[in-house]
Amino acid sequence: MRAGCRAMIGRRFFRLTLFGIFALVFALIAIDITLAWIYISALTHPACPIPRTLEDISPPEEHWLPTEDGLTLRAWYYPSENGRAILTAGGLGGSLGQTLPPVKSLIRAGYGVLQVDTRACADPPARVTLGADEIYDAAAGLEFLIARPEIDPQRIGAFGFSMGAVTLIRASARQPRIRALIAEGGYANLGEHITQPGAEKSLPRQVFLYTVAETYWLQTGVNPWLVSPRDDLASIGSSPVLLIYGEGEIERGGGWEQFKAAHKPKALWVVPGGDHGSNHLAAPQEYERRVLEFFEQELGE
């Protein structure tokens, strides 16, 4: 009797333990998915920033550009005085006004500059896809510049920072009318950038990062492993490329592998003491000189 009672208690304890384990695993999975969903939602739906105009520069023309996927996107245009123009694209906050990449020196040198806003400020507001759907924005900007009578369509370059660097690398692989490209601080492959293969990390963190990548795919409909500037660089034809990375960001940004993938003519500048978003501050004079010299050489007479 006592033995049977103990056996029954043992079975009940086993079932409760098993139930507790399953409940804990389920709770951890639910937390993992919820946190990943919140993170990606916040990342792809940033606030629409209020741009600050460039100091000591004449106010730009404001235009609203239609994109192939049905948006109307704000852009600021500084008219060209030398027949050349630069299409710019920035990070999550777009590229208007003082937002990176820096363009003052280009405007002062007579270049036309088109700054394209973030999709978070589009009409209607749209999801930011970290360089995937933003290629439609680049295409709209390129069409705008080609249509301007003061611009030679054979002398259009592009200058991107962070997400904008990714966008313009991908756009250049699809748009040979971009004749020269500077790409600063972008990632090599979005799926790998999120999941960090090869990096030392705990199993829970590894699971979470893959959940983040899959959540991005689910929310945007874009496979992050197919958003791959590294592969797109290999598809750019004869247009020259200058990659810029700070020494503090080049490893995590995959700068070396992107440079290796690109066809000649190509160059890589690793900014001593630079990091993401601070390269123009770490070496301001050399930064301005290299940017101007690159476009002068590649878009000049």
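The questions and answers below walk through a predicted model of one protein chain. Residues are numbered from 1 along each chain as its sequence is written, and local features need pLDDT of at least 70, side-chain atom pairs count only at pLDDT 80 or more, while totals for chains, interfaces and linings use all residues. Side-chain values use heavy atoms, with hydrogens and water left out.

Q: How many helices and strands does the protein chain have?
A: Helices (H or I, at least four residues) and strands (E, at least two) are DSSP runs, numbered from the N terminus. The C-alpha atoms fill a box of roughly 100 × 40 × 35 Å along the principal axes. The count for the protein chain is eleven helices and eight strands.

Q: What share of the 301 residues is buried?
A: Buried means under 20% relative accessible area, exposed over 50%, and partly exposed in between (1.4 Å probe, protein chains only). Of the 301 residues in the protein chain, the buried share is 49%.

Q: In what order do the strands of the open sheet run?
A: Two strands pair if DSSP finds at least two bridges between them. The sheet is open, has eight strands and shows mixed pairing. Its order is E1-E2-E4-E3-E5-E6-E7-E8.

Q: Why is one side of E1 and of E8 left without a neighbour in the sheet?
A: Strand E1 covers 61–66 and strand E8 covers 266–271.

Q: In which sense do E3 and E4 pair?
A: Strands of a sheet pair through backbone hydrogen bonds, either parallel or antiparallel. Strand E3 spans residues 85–89 and strand E4 spans residues 112–116, joined over four bridges. Leucine 87 has leucine 114 in E4 as its bridge partner. The sense of the E3 and E4 pairing is parallel.

Q: What angle does the direction of H4 make with that of E5?
A: Axes are lines fitted to C-alpha atoms, for helices over the stretch in contact, and angles run from 0 to 180 degrees between N-to-C directions. Contact means heavy atoms within 4.5 Å. Helix H4 (residues 163–174) packs on the sheet and touches E3, E5, E6 and E7. Its angle with E5 is about 145°.

Q: Which strands does H11 touch?
A: Helix H11 (residues 284–299) also packs on the sheet. Its direction makes about 155° with that of E6. The strands touched by H11 are E3, E5, E6, E7 and E8.

Q: Which side chain makes a polar contact with the side chain of threonine 129?
A: A polar contact is a pair of N or O atoms within 3.5 Å; within protein, one must be able to donate a hydrogen and the other to accept it, and residues adjacent in sequence count only if both atoms are side-chain atoms. Threonine 129 sits in the loop between E4 and H3, and counts as buried at 2% relative accessibility. Its side chain also reaches the backbone nitrogen of alanine 132 at 3.4 Å. The side-chain partner, at 2.6 Å, is glutamate 134.

Q: Is aspartate 56 buried or exposed?
A: Aspartate 56 lies in the loop between H1 and E1. Its phi is near 65°, a positive value in a residue other than glycine. At 69% relative accessibility, aspartate 56 is exposed.

Q: What is omega for the cis peptide bond that joins lysine 264 and proline 265?
A: Proline 265 lies in the loop between H9 and E8. For this cis bond, omega is about 0°.
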